[in-house]
Amino acid sequence: MSQRHVVVIGNGISGTSFARALRKRSNHRITLISSESDYFFSRPAMMYVYMGQLREEQLKPYGDDFWEKNKIERKRAFVQRIDPSTSLLHFDDGSSMVYDDLVIASGSERESVHWHGEHFGAIHGFVTLDDLQMITQQSDSIRKAVVIGGGLIGVELAEMFRSKNIQVTYLVREFQFWNRVLPDHESSMIEQHLVADHGVNLKMGVEVKEFKGDEEGNVRAVITTSGEEIDCDFAGICIGVKPRIGFLAESGIQCNKGILIDASFRTSVKNIYAIGDCAEFSPALPGRLAIEQNWYTGRMHGETLAEIISGSPSVYRPSNYFNSSKLFDIEFQVYSRETVLSDKLKSVFWENHAQRRCIRIYYDDSTLRFEGVSALGIRLRHEVCDRWLNENKSVEDVLTHLCDLNFDQEFALPFEQEVLDLYNRESGKNLRLKKRDFKRIFQWR
Amino acid sequence: MRAIRNISLTVFFAALLLFLSSLFLSSYRLSDQVIAERFSVMYTASGKSYYEILRPQLEPMVNVEYHSSFGFISDYSAIIKKYNEPLIAAGNWDEVIKDDQLVMITKHSSSGWLADHAVYVSTFCFLGMLLGGILYFLVTGPANEYRRRAVWFSSLSNRGVAGIVLGSGLILFYIILYFFPAYLSPWMLLADPLRHWFTDKGEADQWFLYGWMYCMAMLVMGIRMLIKWKGNRYQTFRTVSVMFFQLCFAFIIPEILSALNQPAVDVKHIWPLHYNYFDGARIDQMYAFGGIGITLFWWGIALFLIGVPLFTYFYGKRWYCSWICGCGGLAETAGDPFRHLSDKSQKAWKIERWMIYSVLVFVSVMTLLVVVAWYSGKDEVMGISSGFIKMIYGFLIGSIFSGVVGTGFYPLMGNRVWCRFGCPLAAYMGIIQRFKSRFRITTNGGQCISCGNCSASCEMGIDVRWYAQRGQNIVRASCVGCGICSSVCPRGVLKLENAPEAGRINNDPILIGREGVKMNTDLIK
């Protein structure tokens, strides 16, 4: 295969995973373009820089010599326009670049509903390195912050501010925290954790109407739709993210919310592909969302596209869904057959409220087939979850072998017997817990 | 709460200030009685009594009042030197005063307020530092939870002024302790009441003092660790374990053994970390104690030959480094605020491997020479003086590396400088851990988000993220199994575990998440 120039717009997890995987499989010339940063960095870790746990250079997952060693060129520029007819990228400084294959991995930008007063100072999202720097700079003058939006970024922002003893009022539109992802019990555990353990002033079921500013043009208060006025000297808007596709307007690439792609990441234009947060599968893959906006899917998109561009007959076939996050001190993990766990499924639910731990094991009521598992404050073994889902294990199998699933640190308090007891009580059965067995756990090796 | 915090800090610093200034509060007067006490039963090789030799020499000093230890120590040393110099020049080694007893002479010559009130001063200093420190962490603990995360904001823990001051202070302390201990004699006076607890006959020398200070540091900072990781049972258990082993095995039990006229042995102190384990004089001494001495001597050998490989095979070297070892114990408690300062670069890793295995070779050769010398009864082995090599090792590695650099550099290079670059026992266990052990840090499928908290908090300078983000288990000779990487991971990706060897090293990992084509990872550097 002749050497091609593969240009990637965006150096996030999708673009970088792609470049890295392509380098493993080919000698193509690879260029990573970003207007945000000179290097790939871990976006989910930005909060730790603000909190003083990491320094900014520690956000880099690869050493500075990685790029040269692997012959991945980097360019710091903003792509203003793409011209597919001439295969040219036009940059904001007037220069241009020719590509053979173009991969758009431009990621997300913060969603906005254009509230009245959103132009005031000290109103920010928390998506880019720029946002991190702005918030860090203003941090000393913040006494009271309002965080708007019940997504992961909102929780991160609340945690960041609480780490500096800044008062946080957290406004969430939904009446149950994270209830698109979490069932009621889990929601209320998180709510309690935020309020009781970390002093967040959480207000559920509240929508923002507008912002009020002071003479200097900075935000002074947030007004809710019910007319309440909440004083603040900072407002964080975290109501979600949307694909960053503004620069594609004149390119002729078909977009909906995101850049429309097929299962091989091909856009409507030849030799142009899209991966990661900015891409929208059309149609959506079975059991998955049309726009997959997380770290892991971005990585998998990149790796799969690298196979395709290097000539392997490959399409994106995600296996079982998984995700994880951390809400203040509580870790959350989920593994399931499909991205969204249907609320029609039955589940075994165990919780220890004082320890802030719970686990929910989903199964099909009629076949008893294991459909997925989610946990707060408990770590689960990915490899085993994934295999059990593939093997269509029954929930009773899962429950009796629950010790194999436990990935908690050593000496952590066990929970398996209590979960099984719960199921036995409900079903009138008498299942016995099996001891952890490494031969079983690592059997695929 | 705020008031209690301020009170505890005030008490701590008042005690610390008094402790530090106590070094300058005594006056010194050499009396005939002290000289007699020290020297009347010591004889030169030619059979002359030290007392008879030194009494006339020391005459100009006797009953002269010195207001600082500096003048006293320098005059005394000058007199000994003046006496010894011509003898050494003439090669008349038999007459030379080999042991000038400077530390004890200085200590026993001190007088004044401090010496008169040692019990009260020491009670205030030690209790003040202990209780003040512990109370401070108790009351600030939960409320201050987040500020403790801010390691890169604190001048103490980000190599700021406070860190450099603390580091310099520690380095100075170790230099004085190892090479000029007489200046610490006021502190030994303060430690005397404690030593008398164990035995009326005994008194504190610099090593008792050091052992006690070591215990205090580990107690206060260990409690800080326990508060910091409240709810995390791995961190709790292991911290309690190192505190227990330091307090009981390194400090109390040897004192009790010594009070019972038994060999004062720290039974968990293993060669080659215990580098003079096989000193001829030590072997003779252990055998002289009879049954218990011989048993303890062979216990150490069995530990090294059987215990270490066996435990390291089953649990990795963490069974020692993070659960038992005194050096590790100090690093994990007092050194915890500095763990992120360890260098994560490839270059540091390379230097680490060269240094630590060189030390292992050095200590092995040195020990071999010493044992052969002892067996043959001659100092020289194949033309090399075993005593000289031993002295070089003791100076370079035993004092400078493990003490001055190993602890003094906590605020500059992280808390495991010695363990990482110098400890020969860690080197030995590292080889076993890397090639024949059940221990690994398992990476959880494809859950890593490359945040880097693991690498940042690795005290051994392992770039944990490099493995985790490619789904690879972490199997490294240097890992001491402190488990902090796992504890700080925000996505539950890392788990320290002891599991069968099969599949432990997965050099060609597949990140779980999709059905893809297997690729050749060798192409990526």
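Tutor: An angle between axes under 35 degrees counts as roughly parallel, one over 145 as roughly antiparallel, one from 65 to 115 as roughly perpendicular, and the rest as oblique. The model is predicted. The part to look at is the meeting of helix α11 (residues 233-259) of chain B with helix α15 (residues 326-333) of chain B, whose axes come within 9 Å and cross at roughly 130 degrees. α11(B) and α15(B) are therefore oblique to each other. As for the hand of the crossing, α11(B) passes α15(B) in a left-handed one. On the α11(B) side the contact is made by Arg238(B), Thr239(B), Val242(B) and Gln246(B), and on the α15(B) side by Gly326(B), Gly329(B), Glu332(B) and Thr333(B). In general, an α-helix has 3.6 residues a turn, so residues three or four places apart point the same way.

Next, the surroundings of α15(B). This helix is mostly covered, with 7 of its 8 residues buried. The buried residues are Gly326(B), Gly328(B), Gly329(B), Leu330(B), Ala331(B), Glu332(B) and Thr333(B). They pack against α11 and also against α8 (161-179), α10 (206-228), α14 (318-321), α17 (386-408) and α18 (410-413) of chain B.

Over all chains, the count of salt bridges comes to 50.

Phe304(B) itself lies in helix α13 (residues 291-315) of chain B. It has 16% relative accessibility and so counts as buried, the limit being under 20%. From Phe304(B) to Ile270(B) there are 34 residues in sequence, and the two C-alpha atoms are 6.5 Å apart.

Further along chain B, a salt bridge joins the side chains of Lys436(B) and Glu501(B), at 3.2 Å from N to O. Lys436(B) lies in the loop between α20 (424-435) and β6 (439-443), and Glu501(B) in the segment after β7 (494-498), so the pair ties together parts of chain B that are 65 residues apart in sequence. Lys436(B) counts as partly exposed at 46% relative accessibility, and Glu501(B) is partly exposed at 30%.

Glu73(A) and Arg29(A) meet through their side chains at 3.1 Å, N to O. That pair links distant parts of the chain, since Glu73(A) is in strand β3 (residues 72-76) and Arg29(A) in strand β2 (residues 29-34) of chain A, 44 residues apart. Glu73(A) is partly exposed at 35% relative accessibility, and Arg29(A) is partly exposed at 35%. Glu229(A) forms a salt bridge with Arg220(A), and their closest N and O atoms are 3.2 Å apart. Here Glu229(A) has 42% relative accessibility, which makes it partly exposed, and Arg220(A) is partly exposed at 34%.

Asp131(A) is a charged residue without such a partner. It sits in helix α4 (residues 129-138) of chain A. Asp131(A) is buried, has no salt bridge, and has Arg110(A) as its nearest side chain of opposite charge, 6.0 Å away. A salt bridge needs the nitrogen and the carboxyl oxygen within 4 Å. Leaving out residues up to four places away in sequence, Asp131(A) touches His124(A), Gly125(A) and Phe126(A).

Last, the backbone of chain A. The peptide bond from Ser282(A) to Pro283(A) is cis, with omega near 0 degrees, and Pro283(A) is placed in the loop between β20 (279-281) and α7 (295-309). Asn165(A), not a glycine, has a positive phi near 60 degrees; its loop runs between α5 (152-163) and β11 (167-172) of chain A. Phe411(A) also has a positive phi, near 70 degrees. Phe411(A) lies in the loop between α10 (402-405) and α11 (416-427) of chain A and is partly exposed, at 39% relative accessible area.

Definitions and conventions:
Residues are numbered from 1 along each chain as its sequence is written. Chains are lettered from A and ligands numbered from 1 in the order in which they are written. This is a predicted model: local features need pLDDT of at least 70, side-chain atom pairs count only at pLDDT 80 or more; totals for chains, interfaces and linings use all residues. Side-chain values use heavy atoms; hydrogens and water are left out. Helices (H or I, at least four residues) and strands (E, at least two) are DSSP runs, numbered from the N terminus. Buried means under 20% relative accessible area, exposed over 50%, partly exposed in between (1.4 Å probe, protein chains only). Lys and Arg count as positive and Asp and Glu as negative; His and the chain ends are not counted. Contact means heavy atoms within 4.5 Å. Axes are lines fitted to C-alpha atoms, for helices over the stretch in contact, and angles run from 0 to 180 degrees between N-to-C directions. A crossing is left-handed if the near helix is turned anticlockwise from the far one by less than a right angle, and right-handed if clockwise.
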